[in-house]
Amino acid sequence: MESAVNSIIGFFTDTTPKELIVFLISLLPVLECRGGMLAAKLLGVKLWKAFIICYAGNIVPIPFILLFVRKIFRFLGRFEWTKKLVDKIVRRSLKKGNNVVRYKGWGLLLFVSIPLPGTGGWTGAVLADILDLRFKYSLPIIALGVFIADLIMTALSYGLLGLVI
């Protein structure tokens, strides 16, 4: 993940404000606030500003995913070359989210809030849709999970954990 973050930083550094770079990295699937917080630390963005930017970047795409992913998957499922990709995304999401299937809301919260590869807001939103969790129900849970993940990543990236332990 660090090499991907460094590549993105290197691509944008001369032309883009560092806060915008952090926001854009936080928007991306897989990287989300994990990559955004790492970029913020590398770019020297102040802790609280980094926290807010990473949270905003990570949460912005979630409502759109919840609202449109089923329609997008249905459309892409009509074509042989994209059907395989959609099936793979659904299978991987369900495989990673066994506890979400079992515990619904609490499982979704834990899934989104623990910042490990393959978890996070994007995958949580896809899972919520696959499991038919309503928008009004899943959006606040995912938003809280992203908030918790951002807190954890802030603590890890900015060394706050060392102050507590």
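Residues were classed as buried under 20% relative accessible area, exposed over 50%, and partly exposed in between (1.4 Å probe, protein chains only). The structure is a predicted model, in which local features need pLDDT of at least 70 and side-chain atom pairs count only at pLDDT 80 or more, while totals for chains, interfaces and linings use all residues. Residues are numbered from 1 along each chain as its sequence is written, and side-chain values use heavy atoms, with hydrogens and water left out.

Salt bridges were examined first. A salt bridge is a side-chain nitrogen of Lys or Arg within 4 Å of a carboxyl oxygen of Asp or Glu. The count comes to four. Arg 70, Asp 129 and Asp 132 are linked in a network. Arg 70 pairs with Asp 132 at 2.6 Å, N to O. This pair joins helix H5 to the loop between H9 and H10, across 62 residues of sequence. Helices are DSSP runs (H or I, at least four residues), numbered from the N terminus. Asp 132 is exposed because its relative accessible area is 55%. Arg 70 also bridges to Asp 129, with the closest N and O atoms 3.3 Å apart. Asp 129 lies in helix H9, 59 residues from Arg 70. At 12% relative accessible area, Asp 129 is buried, whereas Arg 70, at 32%, is partly exposed.

A further salt bridge joins Lys 49 and Glu 19 (3.5 Å, N to O). The partners sit in helix H4 (residues 47-59) and helix H2 (residues 18-27), respectively, and are 30 residues apart. Both are partly exposed, Lys 49 at 43% and Glu 19 at 25%.

The interior was considered next. A nonpolar core is a set of buried Ala, Val, Leu, Ile, Met, Phe, Trp, Tyr and Cys residues joined through side-chain atoms within 4.5 Å. The largest such core has 22 residues, of which Ile 62, Leu 108 and Ile 142 touch the most other members. Helices H5 (61-76), H8 (105-113), H9 (121-130) and H10 (135-157) each supply at least two core residues. H5 gives the most, with five.

Val 60, Phe 64, Leu 67, Phe 68, Ile 72 and Phe 135 form a nonpolar patch with about 520 Å² of accessible area together. Such patches are made of residues with over 30% relative accessible area and no salt bridge, with nonpolar side chains (Val, Leu, Ile, Met, Phe, Trp, Tyr) joined within 5 Å. Four of the patch residues, the largest share, come from H5. Leu 67 lies in this helix and is partly exposed at 44% relative accessibility.

Definitions and conventions. Patch = residues over 30% accessible without salt bridge, like charges linked within 9 Å, V, L, I, M, F, W, Y side chains within 5 Å. Areas by Shrake-Rupley, 256 points an atom, 1.4 Å probe, with all protein chains shown as cover.
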